[in-house]
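The sequence and structure come first, and the text follows them.

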Amino acid sequence: MTLLSIQDLSLSIGDVDILHGVSFDIAPGQIAAVTGESGSGKSLTALTVMDLLPRGTRTTGRVMFEGTDLRALDDAAMCKLRGNDIAMIFQEPMTALNPVQTVGDQVAEAILIHTDQTRAQAQARTRAMMDRVGLDSIALDRYPHELSGGQRQRVCIAMAIALRPKLLIADEPTTALDVTTQATILDLLKDLVAEFQMGLLMITHDLAVVADFADTIAVMEQGRVVESGPTGVVLRDQTHPYTRSLLAASAHQVDLPDAPDPAALLVVDGVTRTYRKPRMGLAKPGVVRAVDDVSFTLGRGERLGLVGESGCGKSTLTRAILGLDAVQAGTITLDGRSVFDGGLPVRRRMQVVFQDPYGSFNPRHRVNRLISEPFHLLDHPPTGADRDAAIARALSDVGLSPDDAGKFIHEFSGGQRQRLAIARALIVEPDLIVFDEAVSALDVSVRAQVLDLIADLCRKRPLSYLFISHDLSVVRTVTDRVLVMRAGRIVEQGATADVFHAPQHPYTQDLLAAAPVLPDYVFQEGPP
Amino acid sequence: MIAFALRRFGSLIVSLIVASFVIFAVIEVIPGDPASFMLGVNARPDTLAALQAELGLDQPLPVRYLSWVGGMVTGDFGTSYTYKTPVAGMVADRIWVSLPLALYALILSTVIAFPAGIYAASRRGGVGDTAVMGATQLGVAIPNFWFAMILVLIFAIKLRWFSAGGFVGWDKGVFAGLWSLTLPAIALALPQAAILARVMRSSLLDMLGEDFMRTARAKGLTRRRALWKHAVRNALIPVLTILGLQFSFLLAGGIVIEQVFFLPGLGRLIFQSISARDLIVVESVVMLLVFLVIVVNFIVDLTYAWVDPRLRRRA
């Protein structure tokens, strides 16, 4: 028996066709994953089921839920279904809850609008649901900002399952969470599906998450389901080339040249950065040690990774290394000069590539101005033909055309923008590049290309970089040595291969165990 | 929450002290002496000396400051040089016109603006939205004294519902008092309401795009109910900021409207005192207005914390 059957669903916004004849089924108690890269239409498919599409969207086809075509229902009828029979959780737990209402009220609201329970009954049920999702220590009168990201996602889940819906739609429910949190949320969802016999429609870009979680997979590319079936079959057979390329890209390994013998370049010694907590009442405000007595050395030509979960102090440490924030104790030197008071001579030897390829460029400047910005750090910046030549060289180095110099940033895709960010970093030939989650916002196939580019650049010149990421699989392939950071301290460091192969510290072991990986059979020789 | 209120109260006191320094400095210290300013260049030396003694200008600065502040705290605002009456009494008469007028206008503006802004936001892009936005465009563009004259023309001269100006006094009863303040309050309120409605609308529209609104809809709330239960309270935060600023303006900036309607309010008092170079009145009334504005800001701060729990923790 099917619970939800999407049949030949097409969707367009304005003149743009987005979905083309999408079809798949979900049975009660089944986990169906829809996967694909950004722009493939997976989220819009989910929103079609909820009838929460943006304005100006037109759909054709059928969305059958227990024998009723949801597309034929009006909004009043859909309001009765939403939150009651079909519930949904979203990607961003930080913004998915109303900041000015207590979490208890928000969960109870879902119960109150669909049933005629009294407030007290709804409160009791809310408490039970919060306990069920593992929030037994959280009082109902807490506000969202007092909870962590994982806890907020649990509140969203409690809200969604409060009335035991038959179908739960989860749109990238763990993408914004740390790996260890992700693992616990996935376990919770799996338990709830079994307990309530509900269908779960799971939208995700991460094939590794789906591999040992979903019963079926539908792979979407540009609004079409290109391949679907039981998870094991899809992942093993990989009949469609797109599935094959997605799997290859998500496990992409780059080929780094051997690192030269390290001579110390960046020396971080005993660095501590503390923040004062906000004062509570009249008591003396507490102190957070964001970075706590951290020491390490990055050698010339070395590719060093820094991994850790959110709040571990990665960003604080990065800002200190770049000389942007002072530290309370310790020293940071680049080639013997302090990064804090070395001035321009030190500044021009370090460049950074940030995470967000959209926010880190001024939209009103052209590419030649954007990527030549670091020239102001030089005492004698190139001018005229020399400057143009330097810009052309930087663009060619990152696989773009010198003709791109006259374009604006909005003319480039996310991956191309990250290439431009790398060009901007390389143009002054710095000694050290800091990649701050530089590939985290990219789709797997684009990410693979950017990683290849980095490896390629390493072959052309001795490149030293600090690669900061929460993504273990990426760090594993582009670094020689890795530091594992937790609660402001480096808990483990060593050669990347050793740390990943035989982690010593319990935290590193937990991290590696929690990180979803594609099963081995994916990479065994399949059909031609 | 109590700790938050105490902290805000502490900063209220500091603001008042700083403001009193500035006002004292501007009027008493920079440049020349107030007595010669008040009497003009042709004053006779003995009159000047008498006024200087009366103002206590022969005393050292700290003593003068402390006696001024001490007087204000105990209700002694000095004696007006032009009217020869205690400033406290003059202020007391007028504040019972200005304060009710400002509150009246504020309430009117809120009552008009909130529903208009919410309505426009919920009908975004529709006929209702366009109509409300068109009306507020006019409201923002037209100066309030012109509104005042039109109101007088229609409601006082043609229809004879209201008198064209003046204030009957509260001794004629609360209703009669309010009735005579109605036209000025409307004239003051309409332009303010236009601004407020626009802020309310755009703030609500920002909220409608938030993730938590999608969560509310996914829960099964109708569009309208999600708007009322989740968007409005969140949208209030920028609206409150504007509301606080508007009250300050309504209190001191009612000057033009008080002139148009011949209302004996604080604005007119300041205007007349400045014309008459009566610095004693100016100094005290300005300090009083500053006090009221700071108190209003304090109330706005407390309301922020009531609306947004995230602010209760911070200073």
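## Helix packing and salt bridges

Just after α12(B), B:Arg277 takes a positive phi of about 55 degrees. The model is predicted, so local features need pLDDT of at least 70 and side-chain atom pairs count only at pLDDT 80 or more, while totals for chains, interfaces and linings use all residues. Residues are numbered from 1 along each chain as its sequence is written, chains are lettered from A and ligands numbered from 1 in the order in which they are written, and side-chain values use heavy atoms, with hydrogens and water left out.

### Chain B

Chain B has 13 helices and 0 strands; helices (H or I, at least four residues) and strands (E, at least two) are DSSP runs, numbered from the N terminus. The C-alpha atoms of this chain fill a box of roughly 80 × 55 × 35 Å, taken along the principal axes. Of the 315 residues in chain B, 45% are buried. Here buried means under 20% relative accessible area, exposed over 50%, and partly exposed in between (1.4 Å probe, protein chains only). Among contacts in chain B with a separation of 6 or more, 72% come from residues 24 or more positions apart; contact means heavy atoms within 4.5 Å.

Helix α12 of chain B covers residues 266–275, and its buried residues are B:Leu266, B:Gly267, B:Arg268, B:Leu269, B:Ile270 and B:Ser273. These buried residues pack against α5, α11 (255–260) and α13 of chain B.

Two packed helices are described by the angle between their axes and the distance between the axes. Axes are lines fitted to C-alpha atoms, for helices over the stretch in contact, and angles run from 0 to 180 degrees between N-to-C directions.

Helices α5 (residues 87–122) and α13 (residues 279–307) of chain B cross at roughly 40 degrees, and their axes come within 11 Å. That angle makes α5(B) oblique to α13(B); angles under 35 degrees count as roughly parallel, over 145 as roughly antiparallel, 65 to 115 as roughly perpendicular and the rest as oblique. The crossing of α5(B) and α13(B) is right-handed. A crossing is left-handed if the near helix is turned anticlockwise from the far one by less than a right angle, and right-handed if clockwise. On the α5(B) side the contact is made by B:Val87, B:Met90, B:Val91, B:Ile95 and B:Leu99, and on the α13(B) side by B:Ile280, B:Val281, B:Ser284, B:Val285, B:Leu288 and B:Leu292. By class, the residues of this contact divide into 10 nonpolar, 1 polar and no charged. Ala, Val, Leu, Ile, Met, Phe, Trp, Tyr, Cys and Pro count as nonpolar, Asp, Glu, Lys and Arg as charged, and the others, Gly among them, as polar.

Helix α8 (residues 174–208) and helix α10 (residues 223–252) of chain B pack at an angle of about 145 degrees, with their axes 8 Å apart. Their crossing is right-handed. Residues of α8(B) in the contact include B:Leu188, B:Gln192 and B:Ile195, and those of α10(B) include B:Leu227, B:Ala231 and B:Asn234. The contact of α8(B) with α10(B) has 18 nonpolar, 4 polar and no charged residues.

### A helix pair in chain A

In chain A, the axes of helix α9 (residues 241–250) and α15(A) come within 8 Å and cross at roughly 50 degrees. The two helices are therefore oblique to each other. α9(A) passes α15(A) in a left-handed crossing. A:Leu246, A:Ala249 and A:Ser250 in α9(A) meet A:Val444, A:Ser445, A:Arg447 and A:Ala448 in α15(A). This contact has 4 nonpolar, 2 polar and 1 charged residues.

### Salt bridges

Over all chains, a search of the whole structure finds 31 salt bridges; a salt bridge is a side-chain nitrogen of Lys or Arg within 4 Å of a carboxyl oxygen of Asp or Glu. The table gives some pairs.

| Pair | Closest N and O atoms |
|---|---|
| A:Glu66 and A:Lys166 | 3.2 Å |
| A:Arg348 and A:Asp379 | 3.2 Å |
| A:Asp456 and A:Arg459 | 3.6 Å |

A:Asp456 and A:Arg459 both lie in helix α15 (residues 444–460) of chain A, 3 residues apart, about one turn of the helix. A:Asp456 is partly exposed at 29% relative accessibility, and A:Arg459 is partly exposed at 46%. In the second pair of the table, A:Arg348 is buried at 18%, whereas A:Asp379 is exposed at 54%. A:Arg300, A:Asp335, A:Arg349 and A:Asp431 are linked in a network of salt bridges.
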